[in-house]
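Notes from an afternoon with the viewer open.

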Amino acid sequence: NEVMWMGSTTSTADEWIELRNMTGGSINLTGWKIDGAGSGSSSISLSGVIPANDYFLLSNYATNASAVSDSISVDQVTTSLSLLDSGEQLTLKDVASTVIDQTLSGSWPAGINSGGLHQSMERNDNPSTGWHTCISPGCTSTTFWDTSGNNYGTPKAANLSGNDPSAPAATPSVASASPSAQLTLSADQKNISFIINHVENFKSLSY
């Protein structure tokens with residue numbers, strides 16, 4: 001559901017993979033594996049349970065050594081986790097080696113590792129439609145990270161970014177409503193977020 005393939009501001013090795021259970025029952029992952037997730041594209045064997053409609057976090061670091069908030073529990077820590085920045089295919093298989101899910105082969109289809117930014121690769125709300133890059137300012141919240149800054153991701157939580165092409169369209173606003181815009185500068189003065197209300201009533205916008 002989400003892959004932090006580029007690491008974090010703490011370390012390039014501060015990588016994690018989040019699995020999502022979209023069913024109404026718990027899933028025992030013991031004996032499952034993720035091909036391509038280990039060093040040299042080897043497999044990593046999984047151990048643990050994903051509760052119904054919940055998440056499972058596989059991480060190279062425990063949260064006390066990671067940029068991920070210490071309030072988030074990692075379900076499985078393994079130093080074998082090693083993802084190539086150039087991209088590789090991850091394949092989730094169950095105990096019978098049946099392919100449950102996989103990423104595309106080749107370069108990562110989403111995620112950013114540039115200019116000091118570490119932005120995760122998130123699965124679209126409709127998984128069959130692919131992936132997008134985590135860009136929402138909410139993804140840098142201390143809910144998810146030790147400090148708010150250049151790490152974008154939502155470990156063990158629903159994806160937040162508004163650029164998900166499969167997300168349901170917002171309900172149109174009433175035409176008579178007054179438009180407004182608000183800009184917010186982050187405390188470190190590195191990021192600007194903006195909120196636009198009743199955008200359909202603006203004649204033009206520039207930024």
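I started at β7, which pairs with strand β8 (residues 76–77) in the parallel sense over two bridges. Strands here are DSSP runs (E, at least two residues), numbered from the N terminus, and two strands pair if DSSP finds at least two bridges between them. In this pairing, Leu58 stands opposite Gln76 in β8.

Before going on, I noted that this is a predicted model: local features need pLDDT of at least 70 and side-chain atom pairs pLDDT 80 or more, while totals for chains, interfaces and linings use all residues. Residues are numbered from 1 along each chain as its sequence is written, and side-chain values use heavy atoms, with hydrogens and water left out.

**Other partner of β7.** I then looked at β2, which pairs with β7 in the antiparallel sense over five bridges. Here Arg20 stands opposite Tyr55 in β7.

**Cover on β7.** Is strand β7 (residues 55–59) mostly covered or mostly open? Mostly covered: five of its five residues are buried, meaning under 20% relative accessible area with a 1.4 Å probe, protein chains only (over 50% is exposed, in between is partly exposed). Tyr55, Leu57 and Ser59 point one way, and Phe56 and Leu58 point the other way.

**Glu18.** This one sits in strand β2 (residues 16–20). I wanted to know which side chain of opposite charge is nearest to Glu18. For charges, Lys and Arg count as positive and Asp and Glu as negative, with His and the chain ends not counted. A salt bridge needs a side-chain nitrogen of Lys or Arg within 4 Å of a carboxyl oxygen of Asp or Glu.

What I did find for Glu18 is a polar contact of 2.6 Å to the side chain of Asn1. Its side chain also reaches the backbone nitrogen of Lys156 at 2.7 Å. A polar contact is a pair of N or O atoms within 3.5 Å; within protein, one must be able to donate a hydrogen and the other to accept it, and residues adjacent in sequence count only if both atoms are side-chain atoms. Leaving aside neighbours within four places in sequence, Glu18 is in contact (heavy atoms within 4.5 Å) with residues including Tyr55, Phe56 and Leu57.

**Aromatic pairs.** I counted two in the structure. Rings of Phe, Tyr and Trp (its six-membered ring) pair if their centres lie within 6.5 Å; planes under 30 degrees apart are stacked, over 60 edge-to-face, the rest tilted. Trp5 and Trp108 are stacked, at 5.9 Å centre to centre and 10° between the planes. They sit 103 residues apart, Trp5 in the loop between β1 (2–4) and β2 and Trp108 in the loop between β10 (99–102) and β11 (112–114). Trp5 is buried at 7% relative accessible area, and Trp108 is buried at 10%.

The centres of Trp16 and Trp145 are 6.4 Å apart with planes at 40°, so I logged that pair as tilted. Trp16 is in strand β2 and Trp145 in the loop between β14 (131–133) and β15 (151–152), 129 residues apart. Trp16 is buried at 1%, and Trp145 counts as buried at 1% too.

Definitions and conventions: Helix = DSSP H or I, 4+ residues; strand = E, 2+ residues; numbered from the N terminus.
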